[in-house]
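Dear colleague,

Please find below the structure that I am handing over to you. My notes on what was found in it follow directly after.

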Amino acid sequence: MTPTSDASAAAQDEPPLADRIAEPTPSVLCDVHQLTGLLPAPAGALWKLAEGGRQLDANLVHLPPRQGVEAHAETELDVLLLVVAGSGVLGTAEGAEPLAGGALIWLPRGCVRSITAHAEGLSYLTVHRRRPGIRIRPSEDGAPSHAH
């Protein structure tokens, strides 16, 4: 017989690694129709995906009547946009595209776009790859600088 150390005896009492790792499980996150039914609401996110360990970011965004998001380009991420309530206009370099409930739009990285709500407002879900966290690293002159 060989003596066993306390560490190896403790390891023998632990369940296998596969039994200690929680299985990922699907979950209902919110009811977008219920959230958009609580209008009027200020401009901004009505809901955000906040689960730990995720690879995606998602936001349910509301624009009040006749408000919008100015023209801009997302240089790093493709974005899917799903209109869930209201209507509006997507402005692009090619012109204006009408937005209404159920419209699913792909916004490739680098494209310039704007969004304007019509009289009833506009609520939409955006989904994209999660941005890496901001890291602080030394700049060339030794002072801290921010990096994504």
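D57 is buried, with a relative accessible area of 16%; here buried means under 20% relative accessible area, exposed over 50%, and partly exposed in between, with a 1.4 Å probe and protein chains only. D57 forms a salt bridge with R54, and the closest N and O atoms of this pair are 2.8 Å apart. The term salt bridge stands for a side-chain nitrogen of Lys or Arg within 4 Å of a carboxyl oxygen of Asp or Glu.

Please note that this is a predicted model, in which local features need pLDDT of at least 70 and side-chain atom pairs count only at pLDDT 80 or more, while totals for chains, interfaces and linings use all residues. Residues are numbered from 1 along each chain as its sequence is written, and side-chain values use heavy atoms, with hydrogens and water left out.

A search of the whole structure finds two salt bridges. D78 lies in the loop between β3 and β4 and R109 in the loop between β6 (104-107) and β7, so the pair ties together parts that are 31 residues apart in sequence. D78 is partly exposed at a relative accessible area of 32%, whereas R109 is exposed at 52%.

As to the overall fold, the protein chain has three helices and nine strands, in the order α-α-α-β-β-β-β-β-β-β-β-β along the sequence. Helices (H or I, at least four residues) and strands (E, at least two) are DSSP runs, numbered from the N terminus. Of the 148 residues in the protein chain, 24% are buried. Among contacts in the protein chain with a separation of 6 or more, 61% are between residues 24 or more positions apart; a contact means heavy atoms within 4.5 Å. The chain exposes about 10400 Å², of which carbon and sulfur atoms supply 57%, the areas coming from the Shrake-Rupley method with a 1.4 Å probe, and for residues only the protein chains shown count as cover.

The largest pocket may be of interest to you. About 310 Å³ of space lies in this pocket. On a 1 Å grid over the protein atoms alone, a pocket is an open set of points where a 1.4 Å probe fits, with protein on both sides within 12 Å along at least five of seven lines, and lining residues have an atom within 4 Å of a point. Grid points are joined across faces, edges and corners, and the volume is the space filled by probe spheres set on the points. The lining of the largest pocket consists of 15 residues, and H72, V79, R113, Y124 and T126 lie nearest its centre. Two or more lining residues come from each of β2 (56-63), β3 (68-73), β4 (79-92) and β7 (112-129), and β7 gives the largest share, five residues.

Strand β7 also holds S114, which is buried with a relative accessible area of 19%. Leaving aside residues up to four places away in sequence, S114 touches V69, E70, A71, V89, L90 and G91.

One backbone detail remains. R66, in the loop between β2 and β3, has a phi near 60 degrees, a positive value in a residue other than glycine. R66 counts as exposed, at 62% relative accessibility.

With kind regards
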